Amino acid sequence: MSIVLSGRWPAAEQQQWLRLLQEALPGEDWCLAPPADAVQAAAVDIAIVANPEPGVLQGLPNLRLIQSLWAGVDRLLQDPTLPPEVPLARMVDPAMNEAMVHTALWAVLALHRGFFDLHAQQGQSLWRQPQQLRAAEWRVMVLGMGQLGGRVAQALAAQGYAVSGWSRRPADCAGVQTLHGAEGLAQGLAAADTVINLLPLTEQTRDFFNAARLTTMKRGACLVNLARGAHVVEDDLLAALDSGQLSRAVLDVFRQEPLPADHPFWQHPRVTVLPHCAAQTDPRSAAAVVRTNVLALRAGQPLAHRVHRPRGY
Ligand code: NAP
Ligand code: GLV
């Protein structure tokens, strides 16, 4: 049997992945998508994918595992040709978790202490000292308490912030006020000075931040979107920023990526744009995660980090 590798990436990046995966799994046969012919396609039982082009996983009759190199599988699940019965596992990468914690800490610290505004003041040679609030006086709400959101919430709580975390099911997280359901959402959003989005993109969460929801946030709050661009209705966010309902947005993800050069977010004085870099998969640690699942499949053991397809994450 063999493993096929497929992703939307530059050739050098693909070669790096292939080399690290071959080192992690030296006994395996490898090929790049698409397989050269029907014989090679029939030999493939595992596909390792990084947001591949739709249709890439068709015509692999013996496929038994799709392992995503991305944490979010929303784009993969939108491919109507994705073989429906084949188990799908997503990336849970310790280095990615750590990077996401760093991005969230940076954003919350900068918002709480007014560093984005101070940077803008420098451009005007303006010497004006801001009010200094304590961390405990700054309420942060984390939406999504999974691999990433749970760690972000804990790291913020460890810095002394007043943190709440919202998930679909009731959760438990030391030092964090855990919320769920519509009531928990309304309660958390009405109180939070900063809202961090780390929800997966699903049918339930698409367009989550629309005009109606943005109105339920505390006036003057900040939004940090580190999950997916389609969680946000961009025109509604711009309107909320322009009306003062929100005071700032830190955005790592967008409905169209790369963000088009003429998009109003680029020049907006209260928007900080990041190029989808909050937490990238680190091939060095991710190769070990892939290895674990490949070995589990070969040994008939349960797979780690399986996606629940009907739920969409
Ligand atoms: P995860 O472990 O699957 O956690 C998802 C969390 O969201 C869970 O707590 C889940 O609740 C909650 N959730 C899902 N649907 C919900 C709903 N309708 N209402 C309330 N809560 C809901 O996901 P993760 O690994 O933390 O990743 C989250 C997302 O981050 C990914 O899907 C991806 O889009 C994004 N991401 C972005 C970057 C970047 O660089 N910007 C990098 C990696 C990932 P339950 O626990 O109750 O199920
Ligand atoms: C990045 O956005 C990921 O989902 O891994």
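**Close-up views of a predicted model**

**View 1. The largest nonpolar core brings together 33 residues.** Met100, Val152, Leu156, Tyr161, Ile196 and Leu226 have the most contacts inside this core. A nonpolar core here is a set of buried Ala, Val, Leu, Ile, Met, Phe, Trp, Tyr and Cys residues joined through side-chain atoms within 4.5 Å. Buried means under 20% relative accessible area, exposed means over 50%, and partly exposed lies in between (1.4 Å probe, protein chains only). Two or more residues of the core come from each of H4, strand S6 (139-143), H6 and strand S10 (221-225). H4 gives the most, with 9 residues. Helices (H or I, at least four residues) and strands (E, at least two) are DSSP runs, numbered from the N terminus. In soluble globular proteins, nonpolar side chains tend to be buried together.

A quick note before the other views: this is a predicted model, in which local features need pLDDT of at least 70 and side-chain atom pairs count only at pLDDT 80 or more, while totals for chains, interfaces and linings use all residues. Residues are numbered from 1 along each chain as its sequence is written, chains are lettered from A and ligands numbered from 1 in the order in which they are written, and side-chain values use heavy atoms, leaving out hydrogens and water.

View 2. Of the 29 residues around ligand 1, Arg90, Arg169, Leu226, Asp252 and Tyr313 come nearest. To count as near, a residue needs a heavy atom within 4 Å of the molecule or strand in question. Helix H4 (94-112), helix H6 (147-158) and strand S7 (162-167) each supply at least two residues of this shell, and H6 has the largest share, 3 residues.

**View 3. Backbone atoms meet oxygen atoms of ligand 1.** A backbone N or O atom of Leu148 lies 2.9 Å from an oxygen atom of the ligand, and for Gly146 the distance is 3.1 Å. A polar backbone atom of Ala279 is 3.0 Å from an oxygen atom of ligand 1. The protein covers 91% of the 940 Å² of accessible area that ligand 1 has on its own.

View 4. An oxygen atom of ligand 2 is 2.7 Å from an N or O atom in the side chain of Arg228. His276 has a polar side-chain atom 2.7 Å from an oxygen atom of the ligand, while a polar backbone atom of Ala71 is 2.8 Å from one. Of the 190 Å² of accessible area that ligand 2 has on its own, the protein covers 87%.

**View 5. Thr194 and Phe209 are both buried.** Look for Thr194 in strand S9 (residues 194-197); Thr194 counts as buried because its relative accessibility is 0%. The side chains of Thr194 and Trp138 are joined by a polar contact of 2.9 Å. Such a contact is a pair of N or O atoms within 3.5 Å; within protein, one must be able to donate a hydrogen and the other to accept it, and residues adjacent in sequence count only if both atoms are side-chain atoms. Phe209 sits in the loop between S9 and helix H8 (211-215), with a relative accessible area of 1%.

How values were computed:
Areas by Shrake-Rupley, 256 points an atom, 1.4 Å probe, with all protein chains shown as cover.
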